[in-house]
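Trainee: I have a model open and would like to learn how to read a few of its features. Could you walk me through them?

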Amino acid sequence: MATSATHLEEAILEICRANPDGLQDEDLEKELVGVPVSDRVVAINGLLTKRRMELFQLGDKLVYKEVKEENVIKLKGCTQEDLLVYQLIKNASTTGIWTKDLRNKSNLSQVQMSKVLKILEMRKLIKAVKSVASKNRKVYMLYELEPSKELTGGAWYTEQEFDAEFIQVLRDHCLKFVMHKGRVTLEELCDFVSCTGMSKVELRPDDVLQVVNTLVFDGQVDAIEEPSLDHDEDVFYVPATLEIPSRGSLTSVPCGVCPVFRECKEGGLISPTTCAYYNAWLSPAADLAGEAADKLE
């Protein structure tokens, strides 16, 4: 009887291996033709108890998957509470999960949760990661996973701090490269950044594009789109034809940042006529007008 149950368990595992994305109970029923439902249930429960198979929800369906041998060894000795928390953290993938959410989903007390997390961390099954969104809070994810960009901030953050100096270095080098070459593609910029070794982390094309776009928005570089043979458009980056001025007369007008602007009126306590800031702003224009009048005379 035991041998028969063991053979059935192995047969179920073989079916799971052939369906690595998981399979439902009806799939097992089709594969195990002639096997009584009661025997199948006993075999499945035996595999779940031995942690050689796991049951999880995919949408509105329950799915069975084989637990890899290395994971069986890794989770050996874990309690039901440990496995429950481990599974919740595993489901959170690279975005991680807050302790509060773990407690809500597991119904474990704060003391129990702290104990379980400590055990899982000591066994290097999970790790705590700080989020750039909330520096004082930690999320948990599987030990072998790399945190998502939403957590770490991507290439532009160093130890949860926005690295403005690093971005400026990249901007300066990319601008010099465009000015030197005269006309470059995003691919060429990516190769240049990679070869210089400026970044300790690998920068993806999207990351380099973000840097180049800041140069475009600042008016230092122009993005030129040209039709290609495959009917798409190729984008080339060239030195800007017209440079955007850093400031102008309207950008420095004091009225735009005046905290009592709404109370300012002619003849009032606060007035354009008596405003020292307004007169100081107008004085350069008045000097130019006087110089022009002197020339006309």
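Trainee: Let me start with a charge and a ring: which ring does the charged end of Arg183 sit over?

Mentor: Keep in mind that this is a predicted model. The charged end of Arg183 is placed over the ring of Phe236, at 3.8 Å from the ring's centre.

Trainee: How do I read two aromatic rings together?

Mentor: An aromatic pair is described by how far apart the ring centres are and by the angle of the planes. Searching the whole structure turns up one aromatic pair. Its partners are Phe177 and Phe192, with centres 4.3 Å apart and 15° between the planes, and the pair is stacked.

Trainee: Which parts does the pair tie together?

Mentor: Phe177 belongs to helix α9 (residues 164-181) and Phe192 to helix α10 (residues 186-196), so the pair links parts 15 residues apart in sequence. Phe177 has 13% relative accessibility and, because buried means under 20%, counts as buried.

Trainee: Now a helix: what span should the 13 residues of α3 have?

Mentor: At 1.5 Å a residue, helix α3 (residues 37-49) should span 18 Å, and its end C-alpha atoms are 18 Å apart, which agrees.

Trainee: Which residues of α3 are buried?

Mentor: Arg40, Ala43, Ile44, Gly46 and Leu47 in α3 are buried. They cover an arc of only 160° around the axis, so they lie on the same side of α3. On the face turned away from that buried side, α3 carries the exposed residues Val42 and Thr49.

Trainee: What follows α3?

Mentor: Arg51 follows α3, and the phi of Arg51 is positive, near 60°.

Key. Residues are numbered from 1 along each chain as its sequence is written. This is a predicted model: local features need pLDDT of at least 70, side-chain atom pairs count only at pLDDT 80 or more; totals for chains, interfaces and linings use all residues. Side-chain values use heavy atoms; hydrogens and water are left out. Rings of Phe, Tyr and Trp (its six-membered ring) pair if their centres lie within 6.5 Å; planes under 30 degrees apart count as stacked, over 60 as edge-to-face and the rest as tilted. Helices (H or I, at least four residues) and strands (E, at least two) are DSSP runs, numbered from the N terminus. Buried means under 20% relative accessible area, exposed over 50%, partly exposed in between (1.4 Å probe, protein chains only). A charge sits over a ring if NZ of Lys or CZ of Arg is within 6 Å of the ring centre and within 35 degrees of the ring normal. The expected span of a helix is 1.5 Å times one less than its number of residues. The arc is that of the directions from the helix axis to the C-beta atoms.
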